[in-house]
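Hello,

Here is the structure I promised to pass on to you. Please open it first, and then read my notes below alongside it.

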Amino acid sequence: MIIHKEGKGTLGLVFIVLFAVNAFVQWATESAVVESTALAISVVLYVIVLQFFRNPKRTVQVNPNGLICPADGKVVTIQEVYEEEVIKDKCIQMSIFMSPFNVHVNRYPLGGKVTEAIHHPGKFLVAWHPKSSTLNERTTVAVENKVWGTVVFRQIAGAVARRIVMYAKKGELAAQGSEFGFIKFGSRVDVFLPIDSKILVKEGDVVKGAKTVLAERH
């Protein structure tokens, strides 16, 4: 299993805490059953945290006319909205909910020039709250190319996910499928694409980052 670089510090801290807990249990009791139970629980907890930071290798098939999925998860929203921060026009919003058990790597859904890369501090409402996209801690990244024009995507923190990492930098060239960020322990990614895009998924679909093609435009 390949572990993402964002997990190394967390995994090290969790290991130290669990080691200390088990050392205390051994010191405080002479019961082999209690010691074995504590060790078993610790192993399970560590494996759970470990899988949060897995980073499976993905082969990206570049598709200039296809918008690939930026994250593993489930499509929870497809709707027409007015994007007021960057596009300032009507567009299609597609929201992908990432559970704590999904891969948390976020990837560029298209290639092109990064025209915006903004971090917004905020609250930590549950990811499905109607106001989470405007009130929660979030990032806004915009990429522009000839086929798609400007596409905006956002990492949105939730009640559990309280650490958003954004690698995107304004002015750099983005490669489709490469990493632009990481959300620790889940949450949501919103994508805002042109109104005339041909949508290839529906609400409720389970999708994979860098694999599932969400939409096409010609």
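**Around Val191**

Leaving aside neighbours within four places in sequence, Val191 is in contact with Leu67, Pro70, Ile92, Gln93, Met94, Val151, Val152 and Phe153 (contact means heavy atoms within 4.5 Å). This is a predicted model, where local features need pLDDT of at least 70 and side-chain atom pairs count only at pLDDT 80 or more, while totals for chains, interfaces and linings use all residues. Residues are numbered from 1 along each chain as its sequence is written, and side-chain values use heavy atoms, with hydrogens and water left out.

Val191 lies in strand β11 and is buried, with a relative accessible area of 0%. For these labels, buried means under 20% relative accessible area, exposed over 50%, and partly exposed in between, using a 1.4 Å probe and protein chains only. Helices (H or I, at least four residues) and strands (E, at least two) are DSSP runs, numbered from the N terminus. Leu214 is 23 residues from Val191 along the chain, and their C-alpha atoms are separated by 9.9 Å.

**The strands beside it**

Strand β11 (residues 187–193) pairs with β3 in the antiparallel sense, over seven bridges; two strands pair if DSSP finds at least two bridges between them. In general, strands of a sheet pair through backbone hydrogen bonds, either parallel or antiparallel. On the other partner of β3, strand β2 (residues 73–83), the pairing is also antiparallel and runs over nine bridges.

How much of strand β3 (residues 89–98) is buried? Seven of its 10 residues are, so β3 is largely enclosed by the rest of the structure. β2 and β3 form a hairpin with five residues between them, and Lys88 in the turn has a positive phi of about 55 degrees.

**A three-stranded sheet**

Another place to look is an open sheet of three strands, in the order β1-β14-β12, with antiparallel pairing. Its edge strands are β1 (66–68) and β12, each pairing on one side only. β12 pairs with strand β14 (residues 213–216) over two bridges, and Lys198 stands opposite Glu216 in β14.

Asp205 sits in the loop between β12 (198–199) and β13 (206–207). The side chain of Asp205 reaches the backbone nitrogen of Lys202 at 3.0 Å. Not counting residues up to four places away in sequence, Asp205 touches Gly73, Lys74 and Val75.

Which residues make the nonpolar surface patch of about 460 Å²? They are Ile41, Val44, Leu45, Ile48 and Phe101. Such a patch is made of residues with over 30% relative accessible area and no salt bridge, nonpolar side chains (Val, Leu, Ile, Met, Phe, Trp, Tyr) being joined within 5 Å and like charges within 9 Å. A salt bridge is a side-chain nitrogen of Lys or Arg within 4 Å of a carboxyl oxygen of Asp or Glu. Leu45 is found in helix α2 (residues 32–52) and counts as partly exposed, at 42% relative accessibility.

**The whole chain**

The protein chain has three helices and 14 strands. Buried residues make up 45% of its 218 residues. Of the contacts with a separation of 6 or more, 72% are between residues 24 or more positions apart. The accessible surface comes to about 11,200 Å², with 61% belonging to carbon and sulfur atoms; areas come from the Shrake-Rupley method with a 1.4 Å probe, and for residues only the protein chains shown count as cover.

Best wishes

Terms used. Polar contact = N/O pair within 3.5 Å; in protein donor to acceptor, adjacent residues only side chain to side chain.
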